[in-house]
Number of protein chains: 2
Amino acid sequence: MQTARESAGATERVGLTDRQNAVLESALNLLVEGGEKAVTTAGVARAANCSKESLYKWFGDRDGLLSAMISYQAGKVRTVEVDAAALTADGLHRHLAVFAHDLLDVLSGDVSLALNRLAIGQTVGKTNRGGTGRSDAPTLGRLLEERGRRQIGRRAAILLEAGRRAGLLAFDDADEAYGTLYGLIVTDAHLRMLLGEDPKALKKEFAGRAERAVTSFLALYGVEATADA
Amino acid sequence: MQTARESAGATERVGLTDRQNAVLESALNLLVEGGEKAVTTAGVARAANCSKESLYKWFGDRDGLLSAMISYQAGKVRTVEVDAAALTADGLHRHLAVFAHDLLDVLSGDVSLALNRLAIGQTVGKTNRGGTGRSDAPTLGRLLEERGRRQIGRRAAILLEAGRRAGLLAFDDADEAYGTLYGLIVTDAHLRMLLGEDPKALKKEFAGRAERAVTSFLALYGVEATADA
DNA sequence: GCCGAACCGTACCGTACGGTACGCAAGGAG
DNA sequence: CTCCTTGCGTACCGTACGGTACGGTTCGGC
């Protein structure tokens, strides 16, 4: 077991062997083309050239494998920091546009869509269900929320805060402002893609959509250029 | 088979017996609490006090049953028409607010969420799959899109068109304007709920959210009151 | 050169589900 | 009263999957 830590490559930070990450990669491949039904223990084992026994030793059970897939994939997105100082109106506009485009890019990714479909399909209206009592599993959906969505939310929050500190934006509730920005950027594109709409058809208008969204957002929350700045 | 048409109650318009609709209702109940896994042919038969054989006679197979569930539920939402004539700025604002609140209400409904989860969970990235060749099934997702989303989209389109005709709104592309409106209203609330967030926690802020969304939308697309109207 | 750990490949088991077949009761038509 | 349709209840079959067990192999440590 100690070999795991030493052989851990520089790519991932979680305590997983390169081998195990490779297995997760195979599992993600299966998920992308074939959906949740395609991610069977036997299938993953065959695709990754490993034994089912190893799967169960590493991930506990199938749910553990699915959770690990989400965590693994989430560990890939890295948020780029933006220096808050010296932020011009034009610079803010550009940064927002880049953020918008990145957001659309992430949301329309194959794996992202597959993972979201998986988590959503797994979710059930009535929570609780304390039958066995050992429901320590964080519900996949929650996991995806924490690991994925929250990250990009923070990046946006930082950007918005920088804009306000520079006197370029005016808002009381940062979350509300971010919600508006998100809505303007994404609209119903995410849902449509989750329902099967071909991302390629929508990707063509990403640039225009991002630009329009940012313009609208600045029209709502932007401060007149005549200010002190 | 002809008995179906005569015994069809006044509640539904599709060619289904009241009995069959009752079965679909039971199936929806199962789906809401228990997710897709809970909708087994045996389970539905037991819950609806009918035989599996009848299920297969009426709906073909399990996919047919799921499709019928979507179509059945979609047949419940009715779009209320709004008289385009004599539309004041305040009236438009109120109509938009009502629409926003209705939209959020629909999207946060138990059955709506369950159905969306079902359709999304069923969807798979790689389309095609022409293996057998008899893939005439419209992909659940497409079905939900056509039957549900499109409907509410039309209602919004009519409202927006009325606003423009009354000189209260200014936009070139109606779809784009509707997209903006949708994004402002829904933001990421739908996704969060699909991922398991308790709708009750979000429903409290629906009124405020709807109001803010409409205000923002009018700030973006509204025409100054000094116009000819 | 031997030992043990990790791991692959496969075979195996129990279960649960989709789909089908059969027996039987209710009700309407002649 | 009888026939026939419709549909309920149940038993049944094949399959596929989650999970476990076992034999064989590689590899690092002593």
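Helices are DSSP runs of H or I with at least four residues, numbered from the N terminus. The views below show a predicted model, in which local features need pLDDT of at least 70 and side-chain atom pairs count only at pLDDT 80 or more, while totals for chains, interfaces and linings use all residues. Residues are numbered from 1 along each chain as its sequence is written, and chains are lettered from A in the order in which they are written.

**View 1. The surface near DNA strand C.** DNA strand C is surrounded by 19 residues, the closest being A:Cys50, A:Ser51, A:Ser54, B:Thr40 and B:Asp61; a residue is near a strand if its C-beta atom, placed from the backbone, lies within 6 Å of it. Helix 5 of chain A, together with helix 3 (41-48) and helix 4 of chain B, each supply at least two residues of this surface, and helix 5 of chain A gives the largest share, four residues. The surface near DNA strand C divides into five nonpolar, six polar and eight charged residues, where Ala, Val, Leu, Ile, Met, Phe, Trp, Tyr, Cys and Pro count as nonpolar, Asp, Glu, Lys and Arg as charged, and the others, Gly among them, as polar.

**View 2. The surface near DNA strand D.** Around DNA strand D there are 19 residues, of which A:Thr40, A:Arg62, B:Cys50, B:Ser51 and B:Ser54 are the closest. By class, five residues of this surface are nonpolar, seven polar and seven charged.

**View 3. The contact between chain A and chain B.** In chain A, 37 residues are in contact with 37 residues of chain B, contact being counted if the C-beta atoms of two residues, placed from the backbone, lie within 7 Å. Helix 8 of chain A gives the largest share of the side of chain A that touches chain B, seven residues, and this side comprises 15 nonpolar, 14 polar and eight charged residues. Because 100% of the interface residues of chain A are also interface residues in chain B, the copies meet through the same surface.

**View 4. Helix 9 and helix 12 of chain B.** The axes of helix 9 (residues 174-186) and helix 12 (residues 206-221) of chain B, which are lines fitted to C-alpha atoms over the stretch in contact, come within 8 Å and cross at roughly 150°, an angle taken between N-to-C directions on a scale from 0 to 180 degrees. The two helices of chain B are therefore roughly antiparallel to each other, a term for angles over 145 degrees. Residues of helix 9 of chain B, including B:Leu181 and B:Leu184, meet residues of helix 12 of chain B, among them B:Ala213 and B:Phe217; the residues of this contact are nine nonpolar, two polar and no charged.

Conventions. Angles under 35 degrees count as roughly parallel, over 145 as roughly antiparallel, 65 to 115 as roughly perpendicular and the rest as oblique.
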